[in-house]
Amino acid sequence: MAPQAIDLTVASRVGRPARIGNPRRAESSRANRDRDHERSRRAAPASWLARQLAMWSRTTRPLRVLDAPRASVSDRDASWPLERELTSVRRARHLVTGQLGEWAVEGIADTAELLVSEVVTNALRYTRGPLRLNLRLHDARLRCEVEDTETAGPVRHCVDIDSEGGRGTELLDALAEAWGCLPTAIGKTLWFELDT
């Protein structure tokens, strides 16, 4: 009887045949594969959701915890929590004018004071939960933000001449260089920008 050739290959995890006869070679190729897999896993986020969260990280978390104490003021950034009371509008106006005085940008203080008053009043009237006022001075622009826990953005109203309210968005259109509303993980951020 003639000897028959025996095929000593088995399917590996990757689908390629691996020889059983040389275990050292199989071990080194497995180590290389594991190293390559680890390198590729570190290079890119593991899932579509992880990539989206990394890309949209600004909208998945607020700038600061809304009711946290006053953040340390840098030379271009300031932030304060606001209480849910009527005096918070006056306090927000004083905080903005005081901070603009410290930054030596008094030329837009009146406009900023008026718009902050409108935005904070709307936040107090139409939202619940904590509020936060943020100011940022960047590239000759002042950005003012009011964060809250309500997801619905501002609504434009057709107002009569005799109406006492409802003109906040018209004021933002007329006086701000740009304004908008950004969703966050816990609500929204209403912002406007003024040229300094």
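User: What makes H5 and helix H6 roughly antiparallel to each other?

Analyst: In this predicted model, the axes of H5 and H6 (residues 168-175) cross at roughly 150°. Axes are lines fitted to C-alpha atoms, for helices over the stretch in contact, and angles run from 0 to 180 degrees between N-to-C directions. Under 35 degrees counts as roughly parallel, over 145 as roughly antiparallel, 65 to 115 as roughly perpendicular, and the rest as oblique. H5 and H6 are therefore roughly antiparallel. Their axes come within 10 Å.

User: What are the numbering and the confidence limits here?

Analyst: Residues are numbered from 1 along each chain as its sequence is written. Local features need pLDDT of at least 70, side-chain atom pairs count only at pLDDT 80 or more, totals for chains, interfaces and linings use all residues, and side-chain values use heavy atoms, without hydrogens and water.

User: Left-handed or right-handed: which is the crossing of H5 and H6?

Analyst: The crossing of H5 and H6 is left-handed. That word applies if the near helix is turned anticlockwise from the far one by less than a right angle; clockwise is right-handed. On H5, Thr111, Leu114, Leu115, Glu118 and Val119 make the contact (heavy atoms within 4.5 Å). On H6, Gly168, Leu171, Leu172 and Leu175 do. By class, this contact has 6 nonpolar, 2 polar and 1 charged residues. Nonpolar covers Ala, Val, Leu, Ile, Met, Phe, Trp, Tyr, Cys and Pro; charged covers Asp, Glu, Lys and Arg; the others, Gly among them, are polar.

User: How do you know that H4 and H5 are roughly antiparallel to each other?

Analyst: Helix H4 (residues 87-102) and H5 (residues 109-126) pack at an angle of about 150°, with their axes 9 Å apart. H4 and H5 are therefore roughly antiparallel. The crossing of H4 and H5 is right-handed. Residues in the contact include Ala92, Val96 and Leu100 of H4, and Val116, Val120 and Leu124 of H5. This contact of H4 with H5 divides into 9 nonpolar, 4 polar and 2 charged residues.

User: Which residues have the most contacts inside the largest nonpolar core?

Analyst: They are Leu100, Trp103, Val116, Val120, Leu133, Leu142 and Phe192, in a core of 31 residues. A nonpolar core joins buried Ala, Val, Leu, Ile, Met, Phe, Trp, Tyr and Cys residues through side-chain atoms within 4.5 Å. H5 gives the most to this core, with 8 residues. Among the other elements supplying at least two residues are H4, strand E4 (131-138) and strand E5 (141-148).

User: Why is Asn134 called buried?

Analyst: Asn134 counts as buried at 1% relative accessibility. Buried means under 20% relative accessible area, exposed over 50%, and partly exposed in between (1.4 Å probe, protein chains only). Asn134 lies in strand E4. Its C-alpha is 8.0 Å from that of Glu147, 13 residues apart in sequence.

User: Buried or exposed: what is Asp139?

Analyst: Asp139 has a relative accessible area of 64%, so it is exposed. Asp139 sits in the loop between E4 and E5.

User: Where is Ala140, and what is its phi?

Analyst: Ala140 is in the loop between E4 and E5. Its phi is positive, about 60°, although Ala140 is not a glycine. Phi of Asp139 is near 50°, also a positive value in a residue other than glycine.

User: How many helices and strands does the protein chain have?

Analyst: The chain has 6 helices and 7 strands. Helices (H or I, at least four residues) and strands (E, at least two) are DSSP runs, numbered from the N terminus. Buried residues make up 28% of the 196 residues.
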